[in-house]
Amino acid sequence: GMNALKEFVKLASQDKLKAYHDCTIQTFFEIYAPKADSNSPLTYANFVADKVGVQVGTPLKQII
């Protein structure tokens with residue numbers, strides 16, 4: 001559940017997941033929850049960025 005997701009984001013922020021290389025909050029959600037699967041990655045990115053107090057273009061490695 002939540003602990004697995006936290007670990008996944010941590011690995012992505014450390015550049016340990018090839019698909020998530022140097023990604024921002026927005027690009028993370030574009031890959032993790034793509035529009036093609038009926039998700040709203042920008043909505044998710046805005047929610048997380050707001051909670052963390054940064055912009056959606058902030059690299060994950062700067063906030064983790």
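Analyst: Let us begin with Ser-38, which is exposed, its relative accessible area being 70%. Please keep in mind throughout that this is a predicted model. The cut-off needed here is simple: a residue counts as exposed when its relative accessible area is over 50%. Ser-38 is found in the loop between H2 and H3. Its backbone also deserves attention, for phi of Ser-38 is near 65°, a positive value in a residue other than glycine.

User: Which other residue has a positive phi although it is not a glycine?

Analyst: Asp-22 does, with a phi of about 50°. The place of Asp-22 is in the loop between H1 and H2. Asp-22 is partly exposed, with a relative accessible area of 41%.

User: Is Ala-19 buried or exposed?

Analyst: Ala-19 is exposed, with a relative accessible area of 54%. Ala-19 lies in the loop between H1 and H2. An exposed residue can also be part of a helix in this model: Asp-50 is in helix H3, and at 62% relative accessibility Asp-50 counts as exposed.

User: How should I read the sides of a helix? Which residues of helix H2 are buried?

Analyst: The general idea is that an α-helix has 3.6 residues a turn, so residues three or four places apart point the same way. In this structure, helix H2 spans residues 25–32, and its residues Ile-25, Phe-28 and Phe-29 are buried. These three cover an arc of only 90° around the axis, which puts them on the same side of H2.

User: What do the buried residues of H2 pack against?

Analyst: They pack against two helices, H1 (2–13) and H3 (41–52).

User: How should I read a nonpolar core, and which residues make up the largest one here?

Analyst: In soluble globular proteins, nonpolar side chains tend to be buried together. The largest nonpolar core in this model has 11 residues in all: Val-9, Ala-12, Tyr-20, Cys-23, Ile-25, Phe-28, Phe-29, Ala-45, Ala-49, Val-56 and Leu-60. At least two residues of this core come from each of H1, H2 and H3. The helix that gives the most is H2, with three residues.

User: Where is Tyr-32, and is it buried or partly exposed?

Analyst: Tyr-32 is in helix H2. Tyr-32 is partly exposed, with a relative accessible area of 41%. Together with Met-2 and Leu-5, Tyr-32 makes a nonpolar surface patch of about 290 Å².

User: How should I read a salt bridge, and how many does a search of the whole structure find?

Analyst: Side chains of opposite charge can pair when their charged atoms come close. A search of the whole structure finds one salt bridge. Asp-22 forms a salt bridge with Lys-61, and their closest N and O atoms are 2.7 Å apart. This pair links distant parts of the chain, 39 residues apart: Asp-22 is in the loop between H1 and H2, while Lys-61 is in the segment after H3. As for accessibility, Asp-22 counts as partly exposed at 41%, whereas Lys-61 is exposed at 52%.

User: How should I compare separation in sequence with separation in space? How far apart are Pro-34 and Pro-59?

Analyst: One states both values for a pair. Pro-34 and Pro-59 are 25 residues apart in sequence and 18 Å apart in space, C-alpha to C-alpha. Ala-19 and Tyr-44 are likewise 25 residues apart in sequence and 18 Å apart in space, C-alpha to C-alpha. For Asp-50 and Ile-64, the values are 14 residues in sequence and 15 Å in space, C-alpha to C-alpha.

User: Where is Pro-34, and what does Pro-34 touch beyond residues up to four places away in sequence?

Analyst: Pro-34 is in the loop between H2 and H3. Pro-34 touches Phe-29, Asn-39 and Pro-41. Phe-29 is one of the buried residues of helix H2.

How values were computed:
Residues are numbered from 1 along each chain as its sequence is written. This is a predicted model: local features need pLDDT of at least 70, side-chain atom pairs count only at pLDDT 80 or more; totals for chains, interfaces and linings use all residues. Side-chain values use heavy atoms; hydrogens and water are left out. Buried means under 20% relative accessible area, exposed over 50%, partly exposed in between (1.4 Å probe, protein chains only). The arc is that of the directions from the helix axis to the C-beta atoms. Contact means heavy atoms within 4.5 Å. Patches are made of residues with over 30% relative accessible area and no salt bridge: like charges are joined within 9 Å, nonpolar side chains (Val, Leu, Ile, Met, Phe, Trp, Tyr) within 5 Å. Accessible areas come from the Shrake-Rupley method with a 1.4 Å probe; for residues, only the protein chains shown count as cover. A salt bridge is a side-chain nitrogen of Lys or Arg within 4 Å of a carboxyl oxygen of Asp or Glu. A nonpolar core is a set of buried Ala, Val, Leu, Ile, Met, Phe, Trp, Tyr and Cys residues joined through side-chain atoms within 4.5 Å.
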